[in-house]
Amino acid sequence: MTTTTFTNRTPSFYGKVDDGQRQPLLQVYLDSLLQRDGPIDPHTGRLPLRETSLEHMNASPVRYAGQVSQAHFNRLYTNFSASDPDLSPALLLLLLFCKMNAGEAYGVRVVKAVHAERWRQSQDLTSRAISFAQEEEEYHTRILVGASHYFNIQVQDTYTPPLALKVLIGSLAYAPKFLFYPILYGAEVAGVYVFNWTLNHVRSLVPDQPELAEALEQRLIQVLIDEVGHVAFNRLVLSETGRQVGRFLTAQTVKGLPLMTPELRAAGFDASALRGFARFDFGDLPEQVRRSGFFA
């Protein structure tokens with residue numbers, strides 16, 4: 001798969017879209033999803049090529065060369081404290097992966113419960129593409145929580161979303177149509193930033209275990225490839241006004257990330273990281289993401 005980009009200017013999350021290219025590019029995006037994922041199973045929502053990819057990742061023999069207690073993980077997963085004496089950098093990284101997973105899972109479930117039936121009944125390009133994208137989000141949940149395999153940890157589904165996340169997801173799920181895609185666009189760009197930020201900090205949290213770092217990074221890269229496509233999709237369905245609204249909402253979402261995920265703050269997502277978002281764009285992503293994903 002190759003990246004679809006602008007021919008006359010540097011690709012940007014915030015650039016304008018040629019109105020005459022919206023529908024053709026939506027079809028290209030849908031075709032790229034079929035190439036990357038395979039057709040959606042109408043009964044289970046499973047994506048055959050992603051099942052194969054996930055099985056390969058989960059079969060990795062890589063293991064953390066240290067001790068992470070299941071009891072310590074459970075305690076911090078349920079009641080996180082940055083000052084806990086059992087919180088090692090590696091455990092913090094695992095918790096961050098799993099909490100990103102939990103937040104994604106919560107959001108996907110709420111949004112799909114409200115909209116999935118309507119998307120299934122419609123055959124227009126937008127509905128077909130977003131149905132596909134939502135199934136990819138389910139795989140992000142499994143990709144991120146799958147990091148627990150490297151630590152021999154079992155993750156129990158006991159996540160309670162913080163109020164800030166509930167407000168964001170509720171706003172998205174029940175927003176009127178003219179606000180739904182600007183909110184989703186803002187959430188997707190913010191997600192790309194936090195996944196990329198985490199990717200850039202993996203090796204500082206497990207500095208002496210390059211194989212583990214590589215395995216964790218590849219999970220984040222697979223998520224980022226999808227998320228860049230999701231940003232592109234939202235750009236294609238938004239009007240210029242909607243895109244401007246979405247850009248404002250993106251900045252507000254990024255500011256709320258440390259509140260939604262205290263593990264992120266403990267890992268160093270601070271005022272400097274928030275300022276860094278103002279300069280962040282498509283060109284800051286790893287080459288593998290830029291070359292492998294769909295972007296238009």
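1. R22 and D19 form a salt bridge, with their closest N and O atoms 3.0 Å apart; the term stands for a side-chain nitrogen of Lys or Arg within 4 Å of a carboxyl oxygen of Asp or Glu. R22 is buried at a relative accessible area of 15%, whereas D19 is exposed at 58% (buried is under 20% relative accessible area, exposed over 50%, and partly exposed in between, with a 1.4 Å probe and protein chains only).

2. Please keep in mind that this is a predicted model, in which local features need pLDDT of at least 70 and side-chain atom pairs count only at pLDDT 80 or more, while totals for chains, interfaces and linings use all residues. Residues are numbered from 1 along each chain as its sequence is written, and side-chain values use heavy atoms, leaving out hydrogens and water.

3. The salt bridge between D226 and R50 has its closest N and O atoms 2.9 Å apart. Because D226 lies in helix α8 (residues 210-237) and R50 in helix α2 (residues 48-58), this pair ties together parts that are 176 residues apart in sequence (helices are DSSP runs of H or I with at least four residues, numbered from the N terminus). Both D226 and R50 are buried.

4. D86 and R75 also form a salt bridge, with the closest N and O atoms 2.7 Å apart. D86 sits in the loop between α3 (70-78) and α4 (89-121), and R75 in helix α3; D86 is partly exposed at 30%, and R75 is partly exposed at 36%.

5. Salt bridges that share partners join R36, D37, R50, E136 and D226 into one network, and the count of salt bridges comes to 13.

Note on methods:
Helix = DSSP H or I, 4+ residues; strand = E, 2+ residues; numbered from the N terminus.
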